[in-house]
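Subject: Structure handover and notes

Dear colleague,

Please find the structure below, followed by my notes on what was found in it. I have put the cut-offs beside the terms as they come up.

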Amino acid sequence: MKSNKKTGRLVGLLFLIIFVTGITVYQFLQGPVLFSDDFLTATSANSNEIIISTLLLFLSGITSIVIATVLLPIFKKHSIILAFLYLASSILGFIAISIDNISVLSILELSLEYTKNETGNSDILNTLGSVFYKKHWWTHYLSLLISCFPVFILYYTLYVSKLIPKVISIVGIIAVVLMFIEILFSIFGNSISMNMLLPIGLIQLILPFWLIFKGLNSIDLETEMK
């Protein structure tokens with residue numbers, strides 16, 4: 001079987017780009033602004049950063065689909081169902097990110113109107129701000145919840161295909177399950193602990209570097225079936 005190392009290294013680089021993009025957007029560009037107490041004024045003051053963050057998330061979603069497309073031929077050799085499920089869930093994740101981006105841009109437009117306040121309708125704008133804030137909260141958390149599905153399918157497929165060490169796959173599966181549980185409980189207003197998200201952050205950093213330096217294993221399917 002032809003070596004998958006080059007493909008694995010490409011995928012690892014793309015995963016690393018997605019990881020860095022996520023940290024940049026949620027820790028520096030969007031997070032401190034949209035989830036602050038004065039988000040109505042802070043958003044307009046950081047309008048360029050907000051626009052850049054939505055573009056970065058859009059590209060990140062596209063990159064996820066590219067990864068699933070690149071891995072499709074390799075995954076199909078092990079499981080056609082899992083290969084297409086991974087692609088389909090990546091597309092679903094992109095749609096969720098796009099919806100969240102629309103919500104973010106809506107807050108930006110409201111914030112710009114609020115800072116102008118030419119009509120003097122500050123009470124109405126404050127009320128709308130609360131509604132838009134809650135809307136973004138829902139789209140953000142639902143986007144995070146949906147993102148668990150492609151990640152779970154990815155690590156499960158890597159586990160059954162033995163394309164990477166099983167320990168990485170197992171830790172990835174456990175990490176995404178912990179993330180799913182925390183996000184789900186948060187949606188229902190009963191957050192357990194944000195520390196449950198630490199394992200997914202760690203493994204999502206380990207996987208790209210492993211793939212960049214080691215690539216994907218080449219599995220002889222005929223030998224494996226015997």
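The largest pocket is lined by several helices, and α1 (5-29), α4 (47-76), α5 (80-116), α6 (122-161), α7 and α8 each supply at least two residues of that lining. Helices here are DSSP runs of H or I with at least four residues, and strands are runs of E with at least two, numbered from the N terminus. The largest share of the lining, nine residues, comes from α6. The volume of this pocket is about 1300 Å³, and of the 42 residues that line the pocket, G22, Y26, L144, S147 and M179 are the closest to its centre. By class, the lining holds 27 nonpolar, 15 polar and no charged residues, where Ala, Val, Leu, Ile, Met, Phe, Trp, Tyr, Cys and Pro count as nonpolar, Asp, Glu, Lys and Arg as charged, and the others, Gly among them, as polar. A pocket is found on a 1 Å grid over the protein atoms alone, as an open set of points where a 1.4 Å probe fits, with protein on both sides within 12 Å along at least five of seven lines, and lining residues have an atom within 4 Å of a point. Grid points are joined across faces, edges and corners, and the volume is the space filled by probe spheres set on the points.

Please keep in mind that this is a predicted model, in which local features need pLDDT of at least 70 and side-chain atom pairs count only at pLDDT 80 or more, while totals for chains, interfaces and linings use all residues. Residues are numbered from 1 along each chain as its sequence is written, and side-chain values use heavy atoms, with hydrogens and water left out.

As for the overall fold, the protein has nine helices and zero strands, and its C-alpha trace spans about 75 × 35 × 25 Å along the principal axes. Of the 226 residues, 42% are buried (under 20% relative accessible area, with exposed meaning over 50% and partly exposed in between, for a 1.4 Å probe and protein chains only). Among contacts (heavy atoms within 4.5 Å) with a separation of 6 or more, 76% join residues 24 or more positions apart.

Two helix pairs that involve α8 deserve a look. The axes of α7 (residues 166-187) and α8 (residues 198-214) come within 8 Å and cross at roughly 150 degrees, the axes being lines fitted to C-alpha atoms over the stretch in contact, with angles from 0 to 180 degrees between N-to-C directions. The contact includes I168, V171 and M179 of α7 and P199, L207 and W210 of α8, and by class this contact has 11 nonpolar, one polar and no charged residues. The axes of α1 and α8 come within 7 Å and cross at roughly 145 degrees. Among the residues making that contact are K5, R9 and F19 of α1 and L207, F209 and K214 of α8, and the contact has 12 nonpolar, four polar and three charged residues.

Two single residues complete the notes. K162, in the loop between α6 and α7, has a phi near 60 degrees, a positive value in a residue other than glycine, and K162 is partly exposed at 37% relative accessible area. S64 lies in helix α4, counts as partly exposed at 23% relative accessibility, and touches I18 and S90, not counting residues up to four places away in sequence.

Best regards
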